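The sequence and structure come first.

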Amino acid sequence: MKCYICEKGELTKVKQPYRLYGEYLGDFGAEKCDKCGEIFYSEETSRKMTEAAKARGLWGLNAESKVGQSGTTLDIRLPKKLIEFMNIKKGKTVKIYPEDKRRLVVEL
């Protein structure tokens with residue numbers, strides 16, 4: 001079968017390692033294009049990946065937060081689930097830098 005994206009490569013069945021937020025969730029059946037490398041999962045496989053993420057407590061870590069203000073500085077509140085996953089403690093020093101004008105990186 002031809003690739004849905006590049007329409008040039010052939011899709012072959014593979015076992016693809018899957019990670020979410022850097023955590024390995026397992027190898028899942030997929031189809032991979034031999035030209036562009038795009039990977040396609042079936043609906044059933046996607047459900048299994050979601051179940052694995054939920055079982056590991058990784059589901060729902062993505063969140064939105066509004067920028068607030070404290071004095072003359074701005075702050076961003078972190079949700080409890082993310083704090084627990086990252087093991088962030090009050091007083092811990094972090095490194096903050098822009099990756100580009102739309103992405104801010106916080107390293108622990």
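## Threonine 45 and basis of the model

Threonine 45 touches Phe28 and Gly29, with residues up to four places away in sequence not counted; contact means heavy atoms within 4.5 Å. Threonine 45 lies in helix H1. Helices (H or I, at least four residues) and strands (E, at least two) are DSSP runs, numbered from the N terminus. Threonine 45 is buried, with a relative accessible area of 13%; buried means under 20% relative accessible area, exposed over 50%, and partly exposed in between (1.4 Å probe, protein chains only).

The model is predicted: local features need pLDDT of at least 70 and side-chain atom pairs count only at pLDDT 80 or more, while totals for chains, interfaces and linings use all residues. Residues are numbered from 1 along each chain as its sequence is written, and side-chain values use heavy atoms, leaving out hydrogens and water.

## Nonpolar core

The largest nonpolar core consists of 8 residues: Leu20, Leu25, Phe28, Met49, Ala52, Ala53, Leu58 and Leu61. Such a core is a set of buried Ala, Val, Leu, Ile, Met, Phe, Trp, Tyr and Cys residues joined through side-chain atoms within 4.5 Å. Two or more residues each come from strand E2 (23-33) and helix H1 (43-55). H1 gives the largest share, 3 residues.

Methionine 49 is in contact with Tyr18, Leu25, Phe28 and Tyr41, residues up to four places away in sequence being left out.

## Sheet

An open sheet is formed by 3 strands in the order E1-E2-E3, with antiparallel pairing. E1 and strand E3 (39-40) are at the edges, each with a single partner strand, so one side of each has no neighbour in the sheet. Two strands pair if DSSP finds at least two bridges between them; E2 and E3 pair in the antiparallel sense over 2 bridges. Phenylalanine 40, in E3, is the bridge partner of glutamate 31.

Glutamine 16 belongs to strand E1 (residues 11-20) and is buried, at 15% relative accessible area. Apart from neighbours within four places in sequence, glutamine 16 contacts Gly26, Asp27, Phe28, Ala30, Lys32, Ile39 and Tyr41.

## Exposed leucine

Leucine 74 is located in strand E5. The relative accessible area of leucine 74 is 62%, so this residue is exposed.
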